[in-house]
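Here is a short note to read beside the sequence and the structure. Please keep both in view while going through the numbered points.

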Amino acid sequence: MRFRFTEEQERLKQEIKDYFRREISGELLEWLERQREKDVLLAESPEFTHKLAEKGWLGLQYSHGFQEGSIFEEGSGYWRAPVAYHNERIVGAIIQRAGTEEQKEHFLAKLTSGEITICLGYTEPGCGSDLAALVTRAVQDGDEYVINGQKAYTTAVLTANHAIVAARTNTEVPKHKGISLFLVDMKSPGVSIRPLPMMGWSADTGEVFFDDVRVPAFNLIGEKDRGWYYLAEAMDIQRVRVGEVGMQRRMIEELVKFVKETEIDGEPLSNDPFIRDVLAERAIEVEVARLFNYRSVWAATKGPVPPHYTSMGTMYLRETSQRLAQTATEIMGLYSPLKIGSKWAYLRGSAESWYRAAPAYTIAGGTSEIQRNVIAIRGLGLPT
Amino acid sequence: MDLDFSEEQVMFRTMARDFMVKECPSTLVRELEESEEGYSPQLWRRIADLGWLGLTFPEEYGGAGGDFLDLAILYDEMGRAIFPSPHLATVVLGGHTILECGTEEQKQELLPKIARGDLLLSLALTEPSARYEPIAIATKASAQGEEYVINGSKLFVPNANIADYLVCVARTGDGATPEEGITLFLVDAHTPGIACTPLKTISEIGHDKQCEVTFKDVRVPKKNILGKLNQGWAPLAKIINQATVALCAEMVGGAQAVLEMSVEYSKERVAFGRPIGSFQSLQHKMANMLIEVDGAWLLTYQAAWMIGEGTPCAKQVAMAKAWTSNAYRRVTADAIQIHGAYGFCSEVDTTLYYRRAKAVEFALGDPRFQRRIVAREMGL
């Protein structure tokens, strides 16, 4: 039993931290602030992504292992690094698991160099939680597939240059058994995008329409009709959210600093017993969320991750995030609804943007209700 | 990060669990609840023979030389079975204090006896103010020749009714801070002037059995001071940390047991033509219980591992106790809800765990107290 990283991993963590601390400053920081003013919380800078790719950090998962990839992801979340990473990591894992040697050679390098950036084309207007009911079709035509259909609520659809698209390739079998995954170039003829502004979190969400989009058969990832299973496995990675653990740790630290430096009636807010108690409570929850997520990371180094581990990690983390947003607003009171750029806004309006983004946390990537189903049925073995 | 137990630890856990299942059925727990002692002297002897009393003592003092993780595993299993014993009071609060700050002579004399099961101890710490802070120590010890004379009142002292010795926390002087001027005394529990009154409480087994202990002109030889005069708080804080994690491990075991009971029951109990465990309202409740239990497991073993490694962990210990106390209380209440009226019957084990969870929630500091420590450690 060991509740810390190895010395080598600690060195890597320190190196990443030093790099982000140094590089995320000056012009880049100003650019990030401008993105935040435009309500882009998870900004991605292609130049910065390329710099990280050159250091080999986007491929840590393949060159070193899942723990190292996670150390990088937590660091980039903590420092709010504008890097395309999480979705690329998910698709990389699918290709590594199910792709041919040629596909690995062709795509993995591009995913870890920042050349290919990804949005996840799973959800449709008619299916989210019941994802296997998706109706987007892909029909083989020679050495191409022709895709028709629509994806919705797709994060990063306005910025990513590729989508991993789940499409039905067989209608004669039960719904889980006729789905395939395609890596689609967003510049392909027939792809059209419509922005779908959301209340918060991300300004690059939208819908994407596929009208007779022709995709090379080479871009079919894994076996035809087995996409659902790859997708389910990839959830193990999608639901490991150490990047968001880093973001939450940062938020707590900023709130601690804020309450120590802010005085009301000549007394720092940090003397208020309510504030001390509620921040300690959130800190404990963030620690549990961190442990849940690193338990999944640890399990992934040993074999298939029990599905309920990642459901617990992601659901508990996201619900904690909502409570943390509420706590930030309670601490700031009347000041908390002030937006970034406003006179009197504390912490650059982060309480406002965090709180406004919060409802999405327990929906995106699997609702809390679906996660609890997974925990109950797969984790506790309860009957369906 | 590595969350696996070593092979030896897995073997030890299996052995402890088998012992508890065989020797400590809940019927025995209920019998012992009715007893004055609140534990079984026969089973105490048995676990002494197994080496579980001296588990963490070095071999030269009759111990097994195990580390703190071994102790956590043992408490996990004792908690699962609600094993009623004065282990926490005798071994951790008493024995570990002697190990931490006793003289070589005190260690040689007392630790082997504790390990053999011949000596029961407890820690007389809290007072009617019911606080685990140095400022709350009002009991006074004044020097008179070769002795100290102790006067004061201790409350919520676990297992004092059966203890041979008490480690009494008393004020011997005034310092610049409340920590200064506190001294630990090893007191023969049968010294004239000591009066012990067991308290009627929600759970009266093992260390839940609590007493009021009054000291009226109790004379203690100077050589019975444990550690340094006026500097008793620092070693005591360390022992409180250890005992807190042991308690957390015990709660983890109990919480896991009631969750398993709930899952099994909900698979078998049929209502509206289906097992009740197939209803989402119950599934989601049990998913929440698993969050509570696994969170408790991770925080507790993290703290236990850090104690074993000797790294500072006041924050992690406080986090573990704050979370685990709440988790145990909520999980035991949910378990009764899932079992319905049946789960509320005294003869059903859910009620044993429910009462126990309330008793340990406050022992060694309740969640609010623990969060005060967390806030302090966060720099607030």
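1. At roughly what angle do the axes of α9(B) and helix α10 (residues 349-362) of chain B cross? They cross at roughly 160° and come within 9 Å. Axes are lines fitted to C-alpha atoms, for helices over the stretch in contact, and angles run from 0 to 180 degrees between N-to-C directions. α9(B) and α10(B) are therefore roughly antiparallel to each other (angles under 35 degrees count as roughly parallel, over 145 as roughly antiparallel, 65 to 115 as roughly perpendicular and the rest as oblique).

2. A word on the basis of this note. The model is predicted, and local features need pLDDT of at least 70, side-chain atom pairs count only at pLDDT 80 or more, while totals for chains, interfaces and linings use all residues. Residues are numbered from 1 along each chain as its sequence is written, and chains are lettered from A and ligands numbered from 1 in the order in which they are written.

3. Back to the pair in point 1. α9(B) passes α10(B) in a left-handed crossing (left-handed if the near helix is turned anticlockwise from the far one by less than a right angle, right-handed if clockwise). On the α9(B) side the contact includes B:Tyr328, B:Arg329 and B:Ile336, and on the α10(B) side it includes B:Tyr353, B:Lys358 and B:Glu361. Two residues are in contact if their C-beta atoms, placed from the backbone, lie within 7 Å. Sorted by class, the contact of α9(B) with α10(B) has eight nonpolar, four polar and three charged residues. Ala, Val, Leu, Ile, Met, Phe, Trp, Tyr, Cys and Pro count as nonpolar, Asp, Glu, Lys and Arg as charged, and the others, Gly among them, as polar.

4. α9(B) also packs against another helix. The axes of helix α7 (residues 233-268) of chain B and helix α9 (residues 314-339) of chain B come within 9 Å and cross at roughly 25°. That angle makes α7(B) roughly parallel to α9(B). α7(B) passes α9(B) in a left-handed crossing. The contact of α7(B) with α9(B) has 17 nonpolar, nine polar and one charged residues.

5. Chain B as a whole has 11 helices and 10 strands (helices are DSSP runs of H or I, at least four residues, and strands are runs of E, at least two, numbered from the N terminus). Its C-alpha trace spans about 80 × 50 × 40 Å along the principal axes of chain B. For 380 residues a compact globule would have a radius of gyration near 21 Å, and chain B agrees, with 21 Å. The radius of gyration is taken over C-alpha atoms, and the globule rule is 2.2 Å times the number of residues to the power 0.38.

6. The domain assignment divides chain B into domain 1 (7-120), domain 2 (122-230) and domain 3 (234-377); such bounds come from an automatic or database domain assignment. The C-alpha centres of domain 2 and domain 3 of chain B lie 30 Å apart. Their contact takes eight residues from domain 2 of chain B and 10 residues from domain 3 of chain B. The domain 2 side of that contact in chain B has four nonpolar, three polar and one charged residues.

7. Chain A has 13 helices and 10 strands. Its assigned domains are domain 1 (7-83), domain 2 (118-225) and domain 3 (239-379). The C-alpha centres of domain 2 and domain 3 of chain A lie 31 Å apart. Six residues of domain 2 of chain A are in contact with seven residues of domain 3 of chain A.

8. One helix pair in chain A deserves a look. Helix α1 (residues 7-23) and helix α5 (residues 66-78) of chain A pack at an angle of about 30°, with their axes 10 Å apart. That angle makes α1(A) roughly parallel to α5(A). The crossing of α1(A) and α5(A) is right-handed. Among the residues in contact are A:Leu12, A:Ile16 and A:Phe20 of α1(A), and A:Ile71 and A:Phe72 of α5(A).

9. Last, the two chains together. Their contact takes 37 residues from chain B and 30 residues from chain A. In chain B, α7, α8 (280-309), α9 and α11 (367-377) each supply at least two residues of the side that touches chain A. The most come from α8(B), with 14 residues.
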